[in-house]
Amino acid sequence: MTRISTCRFKNSWKMLQSLTSNSCVRLIESHKSTWYFLFLVLGYILYLIFGAVVFSSVELPYEDLLRQELRTIKKQFLQDNECLSEERLEEFLEKALEASNYGVSILNNASANWNWDFTSSLFFASTVLSTTGYGHTAPLSDGGKAFCIVYSVIGIPFTLLFLTAVVQRIMVFSTRRPVMYVSTRWGLSKPLVAVVHATLLAILAASCFFLIPAAIFSSLEENWNFLESIYFCFISLSTIGLGDYVPGESFNQRFRQLYKVGITVQRLPCQQRSRRQTKTVAKPKTVQQSCSRKEREEGATTLT
């Protein structure tokens, strides 16, 4: 009797487990998009937390060291100048830092560089249109702020339109025609030629947008090494624009006017990168729709 009860209990337990698992599977399958969205949100939050932990553990010791160094310098300065009160010094530093946030420095070696001459204004316009915004220079007047709004509303879509038209014409000569020419001339398979061509384009892009500009920046900027120059190129081309590194702002910069114009031209691909990614994502849908339309037309012809 005990064995029969035990067997019945085991069978009932197995049936219950089977029903529970089946119901869970049906629940997951019926709400697959919802579960996918929840996992996506959870993954994004975890990635944010991971970045915060790494940045905090790496940068916090340097920040603490810099704070201690500034306190020591300030204390020594007040001891050497007893006639100056700490309140007056705080007031002066507050004004100087506020002006520095607008790109205006009180240092003697920075008075030769103007933030709003033509080349600097051209560089600022490029940061606005490319949505980078380093933050080292900002409009001071109300008129400048109002014009910046209107200029951005019109200029950002215009920049997208302009760069899209330019890249569409370049892509024909840099992607399709070389692959077709090599494949036809030497009888090679198109997939192989496409892979080699993509690799060469990747190397060329990395050289033009990262390696060569980084070498130029590290040679013209006195306080930049090659890694910092690569870092600036990536921050600029990804339109992050932290503003911790801005070229052409050092004292007695060589070829400053021409340098600013060259940086403005070098920054033009910033907008097109995100625009091309959006078009790449949307392209398979268009191909699928055209294929479906073609199939429907062939089906209608067959029925006729």
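Biologist: What should I know before reading the values?

Modeller: The model is predicted: local features need pLDDT of at least 70, side-chain atom pairs count only at pLDDT 80 or more, and totals for chains, interfaces and linings use all residues. Residues are numbered from 1 along each chain as its sequence is written, and side-chain values use heavy atoms, with hydrogens and water left out.

Biologist: How many helices and strands does the chain have?

Modeller: Helices (H or I, at least four residues) and strands (E, at least two) are DSSP runs, numbered from the N terminus. Here there are 9 helices and 0 strands.

Biologist: How is a packed helix pair described?

Modeller: By the angle between the two axes and the distance between them. Axes are lines fitted to C-alpha atoms, for helices over the stretch in contact; angles run from 0 to 180 degrees between N-to-C directions. Take helix 4 (residues 118–129) and helix 5 (residues 142–186): their axes come within 9 Å and cross at roughly 65°. Angles under 35 degrees count as roughly parallel, over 145 as roughly antiparallel, 65 to 115 as roughly perpendicular and the rest as oblique. Helix 4 and helix 5 are therefore roughly perpendicular.

Biologist: Which residues of helix 4 and helix 5 meet?

Modeller: Contact means heavy atoms within 4.5 Å. Phe124, Ala125, Val128 and Leu129 in helix 4 meet Cys148, Tyr151, Ser152, Gly155, Ile156 and Thr159 in helix 5. That makes 7 nonpolar, 3 polar and no charged residues. Ala, Val, Leu, Ile, Met, Phe, Trp, Tyr, Cys and Pro count as nonpolar, Asp, Glu, Lys and Arg as charged, and the others, Gly among them, as polar.

Biologist: How do helix 4 and helix 8 lie to each other?

Modeller: The axes of helix 4 and helix 8 (residues 256–266) come within 9 Å and cross at roughly 15°. The two are therefore roughly parallel. Helix 4 contributes Thr119, Ser120, Leu122, Phe123 and Ser126 to the contact; helix 8 contributes Arg256, Gln257, Lys260, Val261, Ile263 and Thr264. This contact has 4 nonpolar, 5 polar and 2 charged residues.

Biologist: Is Ser130 buried or exposed?

Modeller: Buried means under 20% relative accessible area, exposed over 50%, partly exposed in between (1.4 Å probe, protein chains only). Ser130 has 4%, so it is buried. Ser130 lies in the loop between helix 4 and helix 5. The backbone oxygen of Ser126 is 2.7 Å from a polar atom of the Ser130 side chain.

Biologist: And the chain overall?

Modeller: Of its 304 residues, 20% count as buried.

Key. Polar contact = N/O pair within 3.5 Å; in protein donor to acceptor, adjacent residues only side chain to side chain.
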